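Here are a few notes from my pass through this one. Have a look at the model first, then read on.

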Amino acid sequence: MTNNASSKSLCFTSEENLTMKLKYTKLQLALEIIGLLLLVGMVTFIYIQWDQIPQQVPMHYNALGEIDSWGSKYQTLILPAISILLYSFMTVVSFFPQIWNVPVQITDKNKEAVYLSTKNLIIFLKVEMLTIFFYLNYHTVTAQPLSITFLPILMIIIFGTLVFFIVRIIRLGNEKKYNREF
């Protein structure tokens with residue numbers, strides 16, 4: 001294999017690419033704090049409400065937000081457990097930009113901008129996921145159906161975030177100038 005820029009950027013053989021660390025921006029730190037608050041809030045809410053949680057709680061909702069499956073109150077612990085696992089996994093992955101699959105070729109010139117935007121994508125999705133799980137957890141603990149608008153809003157938020165950041169990453173990967181904004 002040759003040591004030209006294109007093969008280096010695709011194979012990540014240089015020591016610099018393997019050890020690249022991205023510092024948190026103010027926005028990323030704020031989002032991380034919000035995510036942690038949502039996670040702690042979810043667990044705290046269940047703990048505080050435990051004695052008031054009915055023995056049977058909603059476990060699944062259909063596309064209209066109606067409850068279509070019930071379970072034991074102990075199953076309310078599943079959503080926070082999944083949230084903690086996903087949060088932990090996404091946090092760990094955010095520290096290793098060299099393993100991310102991005103839709104552009106990484107070069108020394110675009111690496112920082114593309115990786116920063118990809119880290120933003122991961123953090124935004126993490127906070128959105130925690131917000132959705134918090135909302136679902138609240139409705140499960142209080143045995144309430146979801147709003148009929150929940151699913152369309154969920155789809156718009158998740159897919160909107162993905163499209164926004166993928167387009168942004170592609171533009172950053174193809175730009176001649178690179179900046180650290182957003």
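Buried here means under 20% relative accessible area, and exposed means over 50%. Keep in mind that this is a predicted model.

1. Start with the salt bridges, of which the structure holds two. In one of them K126 pairs with E32, and the closest N and O atoms are 2.9 Å apart. That pair ties together distant parts of the chain, with K126 in helix α5 and E32 in helix α3 (residues 26-49), 94 residues apart.

2. K126 is buried because its relative accessible area is 1%.

3. K111 and D108 make a salt bridge too, at 3.9 Å from N to O. With a relative accessible area of 5%, K111 is buried, whereas D108 counts as exposed because its relative accessibility is 54%.

4. Now the largest pocket, which holds about 310 Å³ of space. Its lining has 17 residues, and M59, H60, Y61, L136 and T140 lie nearest the centre. Two or more lining residues come from each of β1 (56-61), α4 (78-93), α5 (111-141) and α6 (150-174). β1 gives the most, with four residues.

5. I99 sits in the loop between α4 and α5, and its 57% relative accessibility is why I99 counts as exposed.

Note on methods: Residues numbered from 1 in each chain as written. Predicted model: local features only at pLDDT ≥ 70, side-chain atom pairs only at ≥ 80, totals over all residues. Heavy atoms only, no water. 1 Å grid on protein atoms, 1.4 Å probe; cavity = no way out; pocket = protein on both sides within 12 Å on 5 of 7 lines; lining within 4 Å. Points joined across faces, edges and corners; volume = space filled by probe spheres on them. Buried < 20%, exposed > 50% of the residue type's maximum accessible area, 1.4 Å probe, protein only. Salt bridge = Lys/Arg side-chain N within 4 Å of Asp/Glu carboxyl O.
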